[in-house]
Amino acid sequence: MKSICADLVLQRLSPAFGATLNRQLYECLREAILDGSLPPSSALPASRDLARESAMSRNTVLHAYAQLQAEGYVHSRVGSGTFVAEVAPDNFLSAGRPLAEPAAPRAPVRLSKRAQALLANASATPVQWGAFMPGVPDVTQFPHRTFSRILTRLWRAPAPELLTYSHGGGHPALRIAIAEHLRVARSVRCEPDQILVTEGVHQAIDMSLRMLVDPRDTVWVEEPGYWGFHKVLQMDAARVLPLHVETADDGPGAGWPRGRTPPRLIFVTPSHQYPLGAVMSLARRRELLGHARAVGGWIVEDDYDSEFRFAGRPIPAMQGLEADSPVIYIGTFSKTLFPGLRVGYMVLPRALAGAFRTAHADLYREGHAITQAALAELITGGHYAAHIRRMRVVYARRRAMLAALITTHLGPDYLDPQSSNAGLHLVLRLPNGTDDVAIAAAAQAQGVSTRPLSQYYRRGGTRRGLLLGYACVPEQEIEPAFRTLLSCLLPPP
């Protein structure tokens, strides 16, 4: 605050004809208090410090402080210093002058058409925690003490390379740890030099589009699909065609977009489809891989919450089905650890890895190396795997509780049969014609957060439902929250 206040004085101090320097300083500080530049209760620098930094005599500063205190703009506490008053004396006057001139009217701000379309259908919400927010893990269970110990040790004497811009796709130790984890846990075929660490999945999507798609190129995206795909695609001006989610009755090529232009990218969530929760069949996976090879396109496989499967055999990643597959595999620690960590990763085909690393460093100026180093230790020390094992038990219990409540109060038909026994949310099916958007809004007004299924369709789908996240809801809060939701679904007796 000392240097900041001195900078403010030096910027605003303007010699006034006939005014002494202490009067000029008084006027400068008074105006800063009145316009909020020096907020209530903020500390002023010691007179000696302000005098030295602003090249004034200490007596000049003392006289200005004394006048401000006499008029009630500041007060001093012995041994503590001088502080701006909670309420400026001018505020007690019934007809004081305005603190600032009214702003002149401005012409309407012009945003790009893409920005206007994005804002008209914004999906991110300020509520990101509590029943039944989908896609959010229980962040209270994160092993923060272990992670804090690792970070504290690294911060004691950090190497310079941990505090500068990074280059090369992420901290080497983290890329090694991610590669080893994916080879074992997800049957991904990769080496550390194929790993690119990103700030979450959205950056990975954006990077794929910037590097591989020109304006008006064709991109296939699952329908319904993750809203984040749609938002980033919208800003990158790609031509999006819907790839309808596979059903049990589908034959080869069923639900594929019809068009002459082959896709440059195909976005899929094969191991746990978002939002429906279905698992893509092996036949459909091989079919898409063959199509991508044939047309020279790439598949972007989002494996966002595959670690949490509560029954049956684990579903291996699509990327590992073939050697050197045309798949960009992306994942994140947002679901397994906590979203605010903002660490995701891409597993790139060897033909793309070098170009993506160079472009990533130029576009995004890599950083957070010390956090990545700590995360690498969390993984290699076995803490990450232990956390996942522990949370599988917790989430399985919460999922079972929520599913039982739905079946008991609404019936089994309200549980989506496509949904696999995995992930962090359930789909509550609603009858056709139900206004799931209105129900979600009514529930939100009562403190229960959901997402309407119809909004996951690009042009409005016929299927209606609610996405109910259970991961971030303690067991004792699941039933009360569900009863609140139930009151929004059923008419009063």
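The second largest cavity is lined by Ile178, His181, Leu182, Phe333, Tyr345, Ile379 and Tyr384, where a cavity is a set of points, on a 1 Å grid over the protein atoms alone, at which a 1.4 Å probe fits but cannot get out, and a lining residue has an atom within 4 Å of a point. The model is a predicted one, in which local features need pLDDT of at least 70 and side-chain atom pairs count only at pLDDT 80 or more, whereas totals for chains, interfaces and linings use all residues. Residues are numbered from 1 along each chain as its sequence is written, and side-chain values use heavy atoms, with hydrogens and water left out.

The volume of the second largest cavity is about 30 Å³, a volume being the space filled by probe spheres set on grid points that are joined across faces, edges and corners. Its lining comprises six nonpolar residues, one polar residue and no charged residues, with Ala, Val, Leu, Ile, Met, Phe, Trp, Tyr, Cys and Pro counted as nonpolar, Asp, Glu, Lys and Arg as charged, and the others, Gly among them, as polar. Helix α7 gives the most to this lining, with three residues; helices (H or I, at least four residues) and strands (E, at least two) are DSSP runs numbered from the N terminus.

Helix α7, residues 172-185, also packs on a sheet, where it touches β4, β9 and β10, contact meaning heavy atoms within 4.5 Å. The direction of α7 makes about 110° with that of β4, the axes being lines fitted to C-alpha atoms, for helices over the stretch in contact, with angles from 0 to 180 degrees between N-to-C directions. This open sheet has seven strands in the order β4-β10-β9-β8-β7-β5-β6, with mixed pairing, and two strands pair if DSSP finds at least two bridges between them. Within the sheet, β8 (residues 298-302) and β9 (residues 327-332) pair in the parallel sense over four bridges, and Ile299 stands opposite Val327 in β9.

The largest cavity has a volume of about 50 Å³, and its lining divides into three nonpolar, four polar and three charged residues, including Arg186, Ser271, His272 and Asp305.

Ten aromatic pairs were counted, with rings of Phe, Tyr and Trp (its six-membered ring) pairing if their centres lie within 6.5 Å, and planes under 30 degrees apart counting as stacked, over 60 as edge-to-face and the rest as tilted. The rings of Tyr274 and Tyr304 have centres 5.4 Å apart and planes at 90°, so this pair is edge-to-face.

Conventions. 1 Å grid on protein atoms, 1.4 Å probe; cavity = no way out; pocket = protein on both sides within 12 Å on 5 of 7 lines; lining within 4 Å.
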